[in-house]
Amino acid sequence: MTAAPFRLYNTLDRAVGDFKPIVDGKVSLYVCGMTVYDRCHVGHARAFMVFDIFVRYLRYRGWDVEFVRNFTDVDDKIIRRAAELNEEPAVLAQRYIDALHEDADGLGLLRPDKEPRVSTSIDEIQAMTQRLIDNGHAYVDSGNVWFSVETFKQYGKLSGQKVDELRSADAADGKRAPADFALWKSAKPGEPEWPSPWGPGRPGWHIECSAMAWSELGPTIDIHGGGLDLVFPHHENEIAQSECGNCKPFANYWMHNGLLTMSSGQKMGKSLGNVIDIQVALAAFPAQTLRLYYMQNHYRSPLPWSDEALPEALAMLSRLYEARETAEAMGGEEPADVVAEQLGKDAIAVLELGRGFTDRFHAAMDEDFNTSKALGDLFEVARAVNRFSNHKKAKKRGGPVVRAALEAFDLVASATGLMSQPTGEFLEEVKDKRLDALGISRSEIQALLDKRQAHRANKEWADADAVRAELEGRSILVMDGVDGVEWRVRL
């Protein structure tokens with residue numbers, strides 16, 4: 001299969017342009033991973049999900065993607081947290097790597113092809129650091145190695161920062177200029193350390209990704225990804241180190257996802273105390289809920305978070321699965337065009353939207369990975385199915401008409417992972433989750449339905465209507481049909 005062309009926003013150029021790979025048909029993708037000092041939260045999960053869907057879609061379109069995401073398992077935050085818990089930093093880091101894998105599997109994420117770690121990449125980090133010293137871009141002082149920002153004249157090209165206005169967060173001892181940052185930190189009591197040509201110590205934060213990307217994917221990669229909050233200083237420093245150390249361009253495209261934002265405008269973050277851990281979200285909502293939630297906004301846009309974010313996403317998800325269930329229940333073997341013509345405009349609309357969906361979906365996704373537009377097109381198909389289902393002959397004859405709509409749901413499942421669960425089982429899970437949120441059980445609902453039926457049998461219509469109103473007041477929609485009484489959670 002020939003890889004399909006697509007366009008992508010490049011943070012470096014600040015524009016959407018045609019993607020041109022280094023090697024035809026192949027994409028090398030490096031995404032900055034987690035500093036593993038705590039459980040991951042739903043803000044982190046946005047980056048995980050954005051790149052999971054991106055990789056799925058590219059592979060669906062015929063691209064050979066090599067996906068690398070690292071673990072930062074040596075870092076100041078890990079050291080501080082381990083000291084608080086009286087635990088070895090390496091043990092704490094491994095515990096949270098295991099927790100991240102558990103969360104990622106719970107979210108239904110693909111595993112990256114490679115997951116390098118700082119602790120197992122020390123040789124590569126030291127090799128790149130030595131090249132920077134040899135090339136005149138780094139200097140040694142008291143066992144520390146510093147990158148000299150002024151030696152890279154293009155510093156700031158990703159973020160737009162001006163060197164003379166910068167000061168790095170690294171301690172100032174031994175630095176020649178405020179913007180210089182640490183490549184290697186000399187050993188301190190109680191911290192992890194490794195021998196090096198400059199004395200015992202450990203890597204600085206930024207050098208690790210430059211070294212791991214070079215080691216796993218080569219000196220120049222197609223796409224480097226991560227959260228928008230990493231543009232500066234982390235990604236700016238990666239560019240400086242990599243291009244000065246390898247004497248080649250580092251990444252041809254920079255892809256950054258927007259952040260989850262609270263009603264106050266703050267991003268979600270551990271330091272701000274406003275996080276919801278992934279494991280907590282997954283205990284209350286099916287993983288598909290989070291996948292839809294992250295798809296509903298363009299990946300570069302901020303994504304609002306509130307207590308209603310996931311309940312609203314779950315309701316949206318229910319509409320999609322219920323439309324698919326409705327379509328799956330339709331029968332008939334006549335030619336689709338004949339049936340549509342005979343059953344009218346709603347049938348014709350379903351047929352046209354279903355048949356045109358693939359082109360619309362590809363157009364949205366191929367233009368800077370617009371999951372929001374693609375999801376909107378899918379909901380248009382779902383709404384058309386639901387309108388058509390009201391036709392009295394739809395269930396018996398509508399199967400051929402909705403076949404293309406069902407293919408649309410299958411396409412989205414293959415390309416993004418959404419709609420990938422069996423309809424019946426998943427809808428029951430969704431229904432249970434929503435009932436939990438509403439504080440009503442299936443047994444309570446059935447008892448009320450039985451009470452209503454008894455009133456109806458006795459022709460006590462006002463009492464039957466009162467029970468129905470009680471159910472609807474608790475968000476339970478009662479539907480009387482030829483096959484009996486059904487109920488759904490109101491959307």
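**Helix neighbours and charged pairs**

Helices α11 and α14 are roughly parallel to each other, a label for angles under 35 degrees, while angles over 145 count as roughly antiparallel, 65 to 115 as roughly perpendicular and the rest as oblique. You are looking at a predicted model, in which local features need pLDDT of at least 70 and side-chain atom pairs count only at pLDDT 80 or more, while totals for chains, interfaces and linings use all residues. Residues are numbered from 1 along each chain as its sequence is written, and side-chain values use heavy atoms, with hydrogens and water left out.

The angle between α11 and α14 (residues 399-416) is about 20°, and their axes lie 7 Å apart. Helices here are DSSP runs of H or I with at least four residues, strands are E runs of at least two, and both are numbered from the N terminus. An axis is a line fitted to C-alpha atoms, for helices over the stretch in contact, and angles run from 0 to 180 degrees between N-to-C directions. The crossing of α11 and α14 is left-handed, as the near helix is turned anticlockwise from the far one by less than a right angle (clockwise would be right-handed).

Now turn to α9 (residues 309-328), which packs against α12 at an angle of about 50°, with the axes 9 Å apart. These two helices are therefore oblique to each other. Here, too, the crossing is left-handed. The contact includes Met316, Leu320 and Ala323 of α9, along with Leu375, Phe379 and Ala382 of α12.

Next come the charged residues. Side chains of opposite charge can pair when their charged atoms come close. How many salt bridges does a search of the whole structure find? There are 31, each being a side-chain nitrogen of Lys or Arg within 4 Å of a carboxyl oxygen of Asp or Glu.

One of them joins Glu367 to Arg7, with N and O 2.8 Å apart. Glu367 sits in the loop between α11 (345-366) and α12 (371-389) and Arg7 in strand β1 (residues 7-10), so this pair ties together parts that are 360 residues apart in sequence. Glu367 counts as partly exposed at 36% relative accessibility, and Arg7 is also partly exposed, at 30%. Buried means under 20% relative accessible area, exposed over 50%, and partly exposed in between (1.4 Å probe, protein chains only).

Another salt bridge connects Glu444 with Arg474, at 3.6 Å from N to O. Glu444 belongs to helix α16 (residues 442-457) and Arg474 to the loop between α17 (461-473) and β13 (476-481), linking distant parts of the chain that are 30 residues apart. Arg111 pairs with Asp105, and their closest N and O atoms are 3.0 Å apart. Salt bridges can also form a network, as they do among Arg452, Arg456, Arg468, Glu472 and Asp480.

Finally, look for Lys433 in helix α15 (residues 423-438). Is Lys433 buried or exposed? Lys433 is buried, yet it has no salt bridge: Glu429, the nearest side chain of opposite charge, is 5.1 Å away. For charge, Lys and Arg count as positive and Asp and Glu as negative, with His and the chain ends not counted. Leaving aside residues up to four places away in sequence, Lys433 touches Leu282, Ala283, Ala284, Phe285, Pro286 and Leu314.

Note on methods. Contact = heavy atoms within 4.5 Å.
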